[in-house]
Amino acid sequence: MEFTAISFSPILPWPLIAVLASASLVLVAFALWRGLAGWWLRGFAALVLVVALAEPSLKQEERDLLGDIAFLVIDETDSQGIDIRPEQIAEARGLLSERIATASADAPLDLREVRVTNQSGDAAQRGTLLLSALAEAAAEVSPDRIAGAVIVTDGQLHDVEAMAEFPAPVHTLLTGREDEWDRRIVLKTAPSFAIVGEELELQLIVETLGDAQASELVPLFLSLNGEDPAVFQVPVNELVTVPLELDRGGLNVLQITVPSEEDELTARNNAAIVTINGIRDRLRVLLVSGEPYAGERTWRNILKSDPAVDLVHFTILRPPEKQDGVPVFELSLIAFPTRELFMDKVDEFDLIIFDRYRRRGVLPSLYIDNIRRYVEDGGAVLIASGPAFAGAESLYRTPLRDILPAAPTARVFEEGFTPLISELGARHPVTRGLEAYAPRPSAEDGTPGWGRWFRMIEMEQESGHAVMEGPDGRPLLVLDRPGEGRIAMLASDQAWLWSRGVEGGGPKSELLRRLAHWLMQEPELEEEVLVAEPDGVDITVTRRSLGDAVGDVVVTMPSGETESLALTEVAPGVWQTRFPAPENGIYRLLEGETETVTAVGPAAPKEFENPISTGALMEPLSDATGGGILRLADGVPNIRRVSEGRVSSGRNWVGLTRREAYDVRDIRLTPLAPGWLMLLLAGSLVFIAWRIEGR
């Protein structure tokens with residue numbers, strides 16, 4: 001195509017030429033006022049000189065027309081999979097492609113499709129980056145070739161600030177229905193840490209969106225660590241405070257849900273996951289010691305070294321051979337509050353330790369029976385046995401007998417032996433891997449690298465799990481769960497030798513720490529547990545069990561799909577697997593009767609914070625570019641080509657601008673006012689004017 005036009009290449013700047021032209025006009029006006037006969041010839045001469053200074057040329061260009069470019073942006077994020085939206089997207093993509101191709105018959109138009117899909121990992125929390133994708137695609141082409149953009153979306157985007165203007169109309173075609181409604185949970189305050197046993201408060205709103213149905217109260221379900229949920233009736237669209245109390249330390253998973261209605265848009269935002277780290281404010285431990293011995297100070301030092309432990313130490317000092325008739329209550333400087341400790345406030349202790357205790361009449365059977373009740377109701381007791389446990393003054397001959405997992409045979413072994421981890425103990429979290437804390441490596445015969453003990457009370461195991469053994473496989477450490485509580489029996493009073501470094505010592509501090517945490521029901525030391533830990537876009541599943549084998553884990557995805565995972569044993573009693581998490585939301589895992597829940601990202605991803613389709617967020621950009629906002633529920637609009645600056649949208653159509661961009665292949669310039677000719681012409685006009693005026 002050839003294009004012809006007049007161009008100027010002024011010798012002087014345009015402002016200076018304008019000044020010279022103005023001065024010439026003044027001089028011509030003066031000549032006219034003086035009545036000079038050649039004033040008009042002088043005016044023509046000045047005009048010729050001004051034109052000569054502008055240097056006009058005839059410009060002839062050989063141009064190649066370039067096709068316009070239109071963008072079709074398809075939102076394919078998770079929220080576009082709701083209700084009828086997938087069908088609308090498929091229909092719109094096909095019809096728009098056909099109609100844009102038809103509209104380009106008279107004017108070349110190149111269609112470029114941009115698909116916006118789900119982000120993964122941390123990027124998923126950024127939501128739908130629709131305008132960012134359009135801006136990146138538009139940056140690859142010249143702005144004067146862009147005819148417009150058509151965006152198929154639900155209108156819920158999270159990067160409105162990414163684009164404030166566009167060189168052509170931006171049209172929005174909304175998916176979904178106009179009468180949509182939805183319900184969601186909005187957490188206002190949710191603590192990350194809480195003290196075990198103290199009430200905490202969650203503040204939340206059950207919020208309705210869109211054309212919501214009228215309802216005053218809805219049921220709210222709170223399930224802590226997969227247990228049966230508590231149900232509350234809460235008002236909608238109002239801030240409510242829900243009380244909650246943690247009953248264990250460590251990581252607690254709280255699942256909050258409201259039931260979905262039949263015509264509700266989606267149930268993905270009807271649930272929320274809160275992880276709360278339970279912290280014990282102060283661990284209250286009651287240490288009841290019998291006759292003094294070298295290990296008593298060791299127990300006391302270990303417990304007192306922990307600043308989180310409040311220790312109450314009750315020591316019975318009266319030897320059994322003392323028969324002077326002195327009343328028991330006069331054997332201390334002040335009357336010891338035995339009734340207050342063992343009857344009134346026993347439930348306030350997290351752990352009670354009996355260290356070489358023997359019955360001496362200080363604690364009546366009624367008090368001991370109350371300790372039995374305390375354990376069955378959820379308390380914890382540790383018994384470190386001395387020689388008296390095998391005799392007539394044994395705790396076994398008290399009401400505690402009903403919950404003890406082992407019975408003494410009255411035999412006491414006074415010989416050196418190395419405490420061993422039993423086959424079951426190698427799988428139990430209290431003693432599993434304890435050899436790693438030994439002061440020296442294990443011997444070639446498998447004997448652990450710690451020192452020997454020199455006394456052990458023979459016991460017959462009746463229940464529970466023997467996790468450590470003495471000579472000939474006799475139970476040394478037995479753990480059991482009577483009722484709701486826990487109890488541990490150590491059939492020796494020689495553990496203090498490890499802390500004193502005898503024969504190299506041993507891991508007494510680690511063993512006691514694990515025992516205390518297991519007795520106080522810390523989750524990390526549970527025997528039968530299923531743990532799911534998100535790590536980026538993957539989930540690591542760990543199954544701990546005392547059994548020889550476990551089954552497959554059934555995973556329920558946030559979308560409702562299920563998948564079965566096989567576990568691999570990575571250590572005695574520990575099975576693991578790892579799988580990718582393709583969706584954000586709540587994952588439910590079940591193995592046998594053991595289950596757990598976890599969340600990847602928020603329980604309701606950013607895509608589902610507000611799934612109602614709306615054009616409000618796109619309206620500023622549409623107004624700025626002259627684009628339109630239409631609903632696909634009313635039909636896929638027609639495509640028209642419009643001139644630049646004209647209306648570009650209507651009731652059932654959208655327009656793409658004709659930009660008529662081109663590439664210049666060749667340019668020819670022909671001067672219209674050569675300098676020599678214009679100078680000769682101006683001089684001739686001045687000479688003629690002079691001659692006329694001279695006559």
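**Reading sheets, helices and ring pairs in a predicted model**

Mentor: Four strands, in the order S28-S27-S31-S32, form an open sheet with antiparallel pairing. Strand S28 (562-565) and strand S32 (594-600) each have a single partner strand, so they stand at the edges and one side of each lacks a neighbour in the sheet. Direction ignored, neighbouring strands of this sheet are turned by 20° against each other on average; axes are lines fitted to C-alpha atoms, for helices over the stretch in contact, and angles run from 0 to 180 degrees between N-to-C directions.

Trainee: On what basis are the residues numbered, and what kind of model is this?

Mentor: Numbering starts from 1 along each chain as its sequence is written, and side-chain values use heavy atoms, with hydrogens and water left out. The model is predicted: local features need pLDDT of at least 70 and side-chain atom pairs count only at pLDDT 80 or more, while totals for chains, interfaces and linings use all residues.

Trainee: How is strand pairing to be read, and over how many bridges do S27 and S28 pair?

Mentor: Strands of a sheet pair through backbone hydrogen bonds, either parallel or antiparallel. Two strands pair if DSSP finds at least two bridges between them; helices (H or I, at least four residues) and strands (E, at least two) are DSSP runs, numbered from the N terminus. Here strand S27 (residues 553-556) pairs with S28 in the antiparallel sense over four bridges. Serine 564 in S28 is the bridge partner of valine 554.

Trainee: Which open sheet has parallel pairing?

Mentor: The open sheet of five strands in the order S4-S3-S5-S6-S33 has parallel pairing. Its edge strands are S4 (109-116) and S33 (629-631), and each pairs on one side only. From one strand to the next, the twist averages 20°. Within this sheet, strand S5 (residues 146-153) and strand S6 (residues 170-174) pair in the parallel sense over five bridges, with alanine 149 opposite valine 170 in S6.

Trainee: Is strand S24 mostly covered or mostly uncovered, and which strands pair with S24?

Mentor: A residue is buried under 20% relative accessible area, exposed over 50% and partly exposed in between (1.4 Å probe, protein chains only). Strand S24 (residues 486-490) is mostly covered, with five of its five residues buried. Arg486, Ala488 and Leu490 point one way, and Ile487 and Met489 point the other way. Strand S18 (residues 380-384) runs parallel to S24 and is joined to S24 by five bridges; leucine 382 stands opposite alanine 488. Strand S23 (residues 475-480) pairs with S24 in the antiparallel sense over four bridges, and valine 478 stands opposite methionine 489. S23 and S24 form a hairpin with five residues between them, and glycine 483 in the turn has a positive phi of about 60°.

Trainee: What span should helix H7 have, and what covers its buried residues?

Mentor: The expected span of a helix is 1.5 Å times one less than its number of residues. The twelve residues of helix H7 (residues 365-376) should therefore span 16 Å, and the end C-alpha atoms are 17 Å apart, which agrees. Tyr367, Ile368, Asn370, Ile371, Arg372, Tyr374 and Val375 are the buried residues of H7. Their cover includes helix H6 (338-344), strand S17 (351-355), S18 and S24, where contact means heavy atoms within 4.5 Å. Glycine 378, which follows H7, has a positive phi near 125°.

Trainee: How many aromatic pairs does the structure hold, and why is the pair of tryptophan 450 and tryptophan 498 called tilted?

Mentor: A pair of aromatic rings is described by the distance of the centres and the angle of the planes. Rings of Phe, Tyr and Trp (its six-membered ring) pair if their centres lie within 6.5 Å; planes under 30 degrees apart count as stacked, over 60 as edge-to-face and the rest as tilted. The structure holds six aromatic pairs. In the pair of tryptophan 450 and tryptophan 498, the centres are 5.1 Å apart and the planes lie at 50°, so the pair is tilted. This pair links distant parts of the chain, 48 residues apart: tryptophan 450 lies in the loop between strand S20 (420-421) and strand S21 (456-461), and tryptophan 498 in helix H8 (residues 496-499). Tryptophan 450 counts as buried at 2% relative accessibility, and tryptophan 498 at 3%. Tryptophan 453 and tryptophan 498 also form a tilted pair, at 5.0 Å centre to centre and 55° between the planes. Ring pairs link Phe417, Trp450, Trp453 and Trp498 into a cluster.
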